[in-house]
Amino acid sequence: MEDSPLFDIRHLTVAFQKNGSAIPVVDRASFFIEKGEILAIVGESGCGKSQLALALAGLSPKQAIVDKNIISKPDMTISMIFQEPLSALNPVITIGEQIREALRFPKDKKSNRASVIDLLESVGITDAGNKYKNYPHEFSGGMRQRVLIAIAMAREPDLLLADEPTTALDVTVQRQILDLLKDINQNRGLSIVFITHDLTLLPSLADRIMVMYAGKIVETGRVESVTQNPKHPYTKRLLSAAKLQKTDDGLYESIPGVVPAPEDFPQGCRFSTRCEFAKDECHTTEPEWTEENGHGWACPYGD
Ligand SMILES: Nc1ncnc2c1ncn2[C@@H]1O[C@H](COP(=O)(O)OP(=O)(O)OP(=O)(O)O)[C@@H](O)[C@H]1O
Ligand SMILES: [Mg+2]
C-alpha cells in the first residue's frame, strides 16, 4: 500500500444534542490527507472546521457525538495547535519544562534538555539555553505560538492540525509563523492540516484546499485548480470576497447572509438559501459529488 494516503476518513460526523435530537455540525465528511502535504480547510465561521479537526485529533468536547471511520493508520500521533497560544500554555511552568513534558520518548535529564533546546532552535527561538527558563507571559504572541509548535513537534506527530494559528497575531508575525510551518512541512515532510478564514494565505501555503459549508465538504482539490477554476458557487463567492477571483460580472463581492445555525441547515443543498444560481431541486435534493482529476465539488451546476 505504498501510495495510499496517510489518512483516509469516511463519513466523519460530529453532532450535538439539541432539544432531544442529535444535530450534526459536521455531516458525513469524507476526505484524505497525503503524506507530506499541507491541506487547508476554509469556510466561514460556523462551518464546522474546528469540530472536524478536533474529531480527527480525538479532542472533541465530551458532549459531542462522533462517528468516524478511519481507513488508514488509526494509530497515528496527531498534534494540534490553536488560535490563542497563551490559553494553551501553563502560566506557572517554564516553557522549557512544558516542552520537555511533551517529549514522546523522554530519556535522561541531560539529553531531554538537549532535545528541548534543539526543538526551541528548530522553531526559530534563539538563545534557547536561556529562554528555556522563561515563563509564557515573558514571551510575545508570536514567540508563544512558536513554543506551541515546539510542544506539538516534541510529540513527533505524523500529522499537525493547525486551527487558525495566526489569526491572533499581527501580519508580520503571521507571515513568520506561516513560513515556519511551511519550513517544518518541507524539511521534515510533516503533513499539516491548516484551518483558516483567510483565503489569501492559500496560494503560497497549501497544496490542497477543502472548502466547507454548513458542515459539508463542498469542494476540494489542488490549490491552483480550486483557486483558478472554482466550481462550487460558494467557493467562487469566497474567492471573490478574498479578492482572489472576480465574479461573473467582473466584481469582487462578499457573500450576502450568514451560515445558518446547525438546527436550521436547509434541505437539499445547504448553500441553496444563499446561492444566486439555486433552482427548485437545489432546495430539495442533496447535490451529487462530481470529480475530475482530483478536483471534486458538490453542485450539479458547478462550472
Ligand atoms: N460544544 C458545542 N455544543 C453545541 N454546538 C457546538 C459546540 N461546539 C461547536 N458547536 C457548533 O458547531 C458548529 C461548528 O462549529 P466550529 O467551531 O467547528 O466552526 P468553525 O468553522 O471552526 O468556525 P470559526 O471559523 O468561527 O472557528 C457551530 O454551529 C457551533 O455553534
Ligand atoms: Mg474554528
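The shell around ligand 1 divides into 6 nonpolar, 8 polar and 1 charged residues. Here Ala, Val, Leu, Ile, Met, Phe, Trp, Tyr, Cys and Pro count as nonpolar, Asp, Glu, Lys and Arg as charged, and the others, Gly among them, as polar. The model is predicted: local features need pLDDT of at least 70, side-chain atom pairs count only at pLDDT 80 or more, and totals for chains, interfaces and linings use all residues. Residues are numbered from 1 along each chain as its sequence is written, while chains are lettered from A and ligands numbered from 1 in the order in which they are written.

**Ligand shell**
- Ligand 1 is surrounded by 15 residues, each with its C-beta atom, placed from the backbone, within 6 Å.
- The closest are Val25, Ser45, Lys49, Ser50 and Gln51.
- Helix α1 (residues 49–57) gives the most to this shell, 3 residues.
- Helices (H or I, at least four residues) and strands (E, at least two) are DSSP runs, numbered from the N terminus.

**Helices α3 and α4**
- The axes of α3 (residues 95–102) and α4 (residues 109–122) come within 9 Å and cross at roughly 110 degrees.
- That makes α3 roughly perpendicular to α4, a label for angles of 65 to 115 degrees.
- Axes are lines fitted to C-alpha atoms, for helices over the stretch in contact, and angles run from 0 to 180 degrees between N-to-C directions.
- Gly96, Ile99 and Arg100 in α3 meet Asn112, Val116 and Leu119 in α4; contact puts C-beta atoms, placed from the backbone, within 7 Å.
- By class, this contact has 3 nonpolar, 2 polar and 1 charged residues.
- Ile95, Gly96, Gln98, Ile99 and Arg100 of α3 are buried, with 20 or more other C-beta atoms within 10 Å of their own.
- The buried residues of α3 pack against α4, α5 and α6 (141–154).

**Ile125**
- Ile125 lies in the loop between α4 and α5 (128–131).
- Ile125 counts as buried because it has 20 C-beta neighbours inside 10 Å.
- Leaving out residues up to four places away in sequence, Ile125 touches Leu120, Lys131, Met143 and Arg146.
- Ala150 is 25 residues from Ile125 in sequence, and 9.7 Å away C-alpha to C-alpha.

**Sheet**
- An open sheet of 8 strands runs β5-β6-β7-β3-β8-β9-β11-β10, with mixed pairing.
- The edge strands, β5 (78–81) and β10 (290–292), each pair on one side only; pairing takes at least two DSSP bridges.
- The twist averages 15 degrees from one strand to the next.
- Strands β3 (residues 38–42) and β8 (residues 208–213) run parallel, joined by 4 bridges.
- Ala40 stands opposite Ile209 in β8.

Terms used: Parallel < 35°, antiparallel > 145°, perpendicular 65-115°, else oblique. Contact = placed C-beta atoms within 7 Å. Buried ≥ 20, exposed ≤ 12 C-beta atoms within 10 Å, placed from the backbone.
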